[in-house]
Amino acid sequence: MDSGLDFLYKVDSFEELKDLADAGDKIAQYTIGLCYEEGIGTIKCPKLAFHYYELSAKQDSPNGLYYLARCYENGLGCKKSTEQAIHFYELASENKPVSSWSALANLYEKDIGCQESINKANFYHQKKFQYLINDDLDCPFVQVLIGHYYKEGRGVEKSLEKAFYYYSLAANQGHIYGYSKVAECYENGWGVEKSIESAMYYYELVTRKTDISTDKISCGLAYKSIIHLLWENRIDDQKLFFYVKRGLDEEFINNSIFYYVDILGKCFLEGIGCEKSIEKAIQVYELASKNNPEPSWYELANIYERI
């Protein structure tokens, strides 16, 4: 099977890669298609991306077939065609099953208005689930995927208890998404007794174990969940202040989301987990007014009325 973007590391330049693609190398064709799609080493050009994916697909490259199908699904460099997308995803599924079956299930779910589409979506979910359950069950990524299928009841009978079991297997191997999913289960009581303390423990593992340079999103989501739990339950005000301030300062949390900025403002205003400071509360809301003027002005008005 072709090696995807790993191929980029075997050439010295975009021009060398293009020469290989133009000479008929199916891996180079699929890879340069991705370069044109994403603008890697060249300008973005959907039509050229489609062209090279098509060349690769004509040589039965699984990735070429898959990305050609995705072009037809989204109208990338070509006229959108669900029929063509389904055709090429089905061809790709012979050697690239999991991704192709997921794409096919999602396509049919978009047309969920009829029973035939529902049946087709369930059919591909079942194929993917059976493939995963017979795959490497020691792999934490596979464990998380199986947990997700049990949680959503896709391709298998819904079972929150089994979802929690597989998420826990992944978490026990130190998998970031495993930690996150186990935390969600404890937070919501999915397949396990609800426990805010246990949810906090696993969310905090995410913040400590995540490589921020490559996965800032996971860290940000964990920060948001921690802050929400601490704010709603008021179980540790010092920890609440630490996470909301660091989350905003380090931009793990987008400072345009007023909910979190408002919590920081109230911490300073009321001395929650920190020394009370009306001046710092005003600074927080004044900065927030750039992205959220009305709620920030409302809070500022209330502060000035008090003083």
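Visitor: What makes Ile-146, Tyr-202 and Ile-227 stand out in the largest nonpolar core?

Guide: Of the 59 residues in that core, these three touch the most other members. A nonpolar core is a set of buried Ala, Val, Leu, Ile, Met, Phe, Trp, Tyr and Cys residues joined through side-chain atoms within 4.5 Å, and buried means under 20% relative accessible area, with a 1.4 Å probe and protein chains only. H14 gives the largest share, 8 residues. Mind you, this is a predicted model: local features need pLDDT of at least 70, side-chain atom pairs count only at 80 or more, and totals for chains, interfaces and linings use all residues. Residues are numbered from 1 along each chain as its sequence is written, and side-chain values use heavy atoms, leaving out hydrogens and water.

Visitor: Why are H14 and H16 called roughly parallel?

Guide: Angles under 35 degrees count as roughly parallel, and H14 (residues 258-270) packs against H16 (residues 293-306) at about 10°, so the two helices are roughly parallel to each other. Their axes, lines fitted to C-alpha atoms over the stretch in contact, lie 11 Å apart. Helices here are DSSP runs of H or I, at least four residues, numbered from the N terminus.

Visitor: Which residues of H14 and H16 meet?

Guide: Phe-258, Asp-262, Lys-266 and Leu-269 in H14 meet Pro-295, Ser-296, Glu-299, Ile-303 and Arg-306 in H16, contact being heavy atoms within 4.5 Å.

Key. Axes fitted to C-alpha atoms, helices over the stretch in contact; angles between N-to-C directions. Parallel < 35°, antiparallel > 145°, perpendicular 65-115°, else oblique. Buried < 20%, exposed > 50% of the residue type's maximum accessible area, 1.4 Å probe, protein only.
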